Amino acid sequence: MTAEVRIIGLEGIPEVRAGDDLPAQIVDAARAHAVRDRGRDVLVVTQKIVSKAEGRIVDLATVTPSPFAEHYAAMFEKDARQIEVVLGETSASCGWSTA
């Protein structure tokens, strides 16, 4: 049995906005380009368009990083505002403290 891996970039998905029906947009674009699911296919969708459809976009200019985010960002050469956003989405059960 020969394994085949193909990557097909799907064109025709419009700019995604909050509240858009992303699955419907993907299906419409696939149909328009005659891309068919062969049963064992894997569909990969970027987190960016999922976040946009969910309305979960953050303007970093509005984020004030905590001391913890500043410390972590300095250690790993990251943007402290991005770290703060990630921390805000992290489950409290992980045991991290931003205080």
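Modeller: One definition to start with: a helix here is a DSSP run of H or I with at least four residues, and helices are numbered from the N terminus. Please keep in mind that this is a predicted model.

Colleague: Thanks! How many helices and strands are there in the protein?

Modeller: There are four helices and zero strands. Read from the N terminus, the order of elements is α-α-α-α.

Colleague: What separates Phe-68 and Tyr-72 by about one helical turn?

Modeller: Both belong to helix α3, residues 67-76, and they sit four residues apart there, so about one helical turn lies between them.

Colleague: Why is the pair of Phe-68 and Tyr-72 called stacked?

Modeller: A pair of aromatic rings is described by the distance of the centres and the angle of the planes. For Phe-68 and Tyr-72 the centres are 6.5 Å apart and the planes make 25°.

Colleague: What makes the pair of Tyr-72 and Phe-76 tilted?

Modeller: Here the rings are 4.7 Å centre to centre, with 40° between the planes. Under 30 degrees would be stacked and over 60 edge-to-face, so the rest, tilted, is what remains. Tyr-72 and Phe-76 are also four residues apart in helix α3, and therefore about one helical turn separates them. A search of the whole structure finds two aromatic pairs, and ring pairs join Phe-68, Tyr-72 and Phe-76 into a cluster.

Colleague: How do you know whether Phe-68 is buried, partly exposed or exposed?

Modeller: Its relative accessible area is 25%. Buried means under 20% and exposed over 50%, so Phe-68 is partly exposed. Tyr-72, at 32%, is partly exposed, and Phe-76, at 44%, is partly exposed as well.

Colleague: Which residues make the nonpolar surface patch of about 300 Å²?

Modeller: Tyr-72, Met-75 and Phe-76 make that patch. A patch takes residues with over 30% relative accessible area; Tyr-72 has 32% and Phe-76 has 44%.

Colleague: And inside, which residues make up the largest nonpolar core?

Modeller: That core has five residues: Ala-69, Ala-73, Ala-80, Ile-83 and Leu-87. Helices α3 and α4 (80-89) are the elements that give two or more residues to this core, and α4 provides the largest share, three residues. Ala-80 touches Pro-65, Ala-69, Glu-70 and Ala-73, leaving aside residues up to four places away in sequence. Across the protein, 18% of the 99 residues are buried.

Colleague: Which residues of α2 are buried?

Modeller: They are Ser-51, Lys-52 and Ala-53, and the buried residues of α2 pack against α1.

Colleague: Which residue forms a salt bridge with Arg-56?

Modeller: Glu-89 does, and the closest N and O atoms are 2.2 Å apart. Arg-56 is in the loop between α2 and α3 and Glu-89 is in helix α4, so 33 residues separate these distant parts of the chain. Arg-56 has 44% relative accessible area and is partly exposed, while Glu-89, at 55%, counts as exposed. Asp-79 and Arg-81 form another of these bridges, with the closest N and O atoms 2.7 Å apart. The count of salt bridges comes to four.

Colleague: Why does Glu-77 count as exposed?

Modeller: Exposed means over 50%, and Glu-77 has a relative accessible area of 77%, so the label holds. Glu-77 lies in the loop between α3 and α4. Although not a glycine, Glu-77 has a positive phi of about 55°.

Colleague: Where is Ala-34 placed?

Modeller: Ala-34 is in the loop between α1 (22-32) and α2 (47-54). Ala-34 is not a glycine either, and its phi is positive, about 55°. With 56% relative accessibility, Ala-34 counts as exposed.

Methods
Residues are numbered from 1 along each chain as its sequence is written. This is a predicted model: local features need pLDDT of at least 70, side-chain atom pairs count only at pLDDT 80 or more; totals for chains, interfaces and linings use all residues. Side-chain values use heavy atoms; hydrogens and water are left out. Rings of Phe, Tyr and Trp (its six-membered ring) pair if their centres lie within 6.5 Å; planes under 30 degrees apart count as stacked, over 60 as edge-to-face and the rest as tilted. Buried means under 20% relative accessible area, exposed over 50%, partly exposed in between (1.4 Å probe, protein chains only). A nonpolar core is a set of buried Ala, Val, Leu, Ile, Met, Phe, Trp, Tyr and Cys residues joined through side-chain atoms within 4.5 Å. Contact means heavy atoms within 4.5 Å. Patches are made of residues with over 30% relative accessible area and no salt bridge: like charges are joined within 9 Å, nonpolar side chains (Val, Leu, Ile, Met, Phe, Trp, Tyr) within 5 Å. Accessible areas come from the Shrake-Rupley method with a 1.4 Å probe; for residues, only the protein chains shown count as cover. A salt bridge is a side-chain nitrogen of Lys or Arg within 4 Å of a carboxyl oxygen of Asp or Glu.
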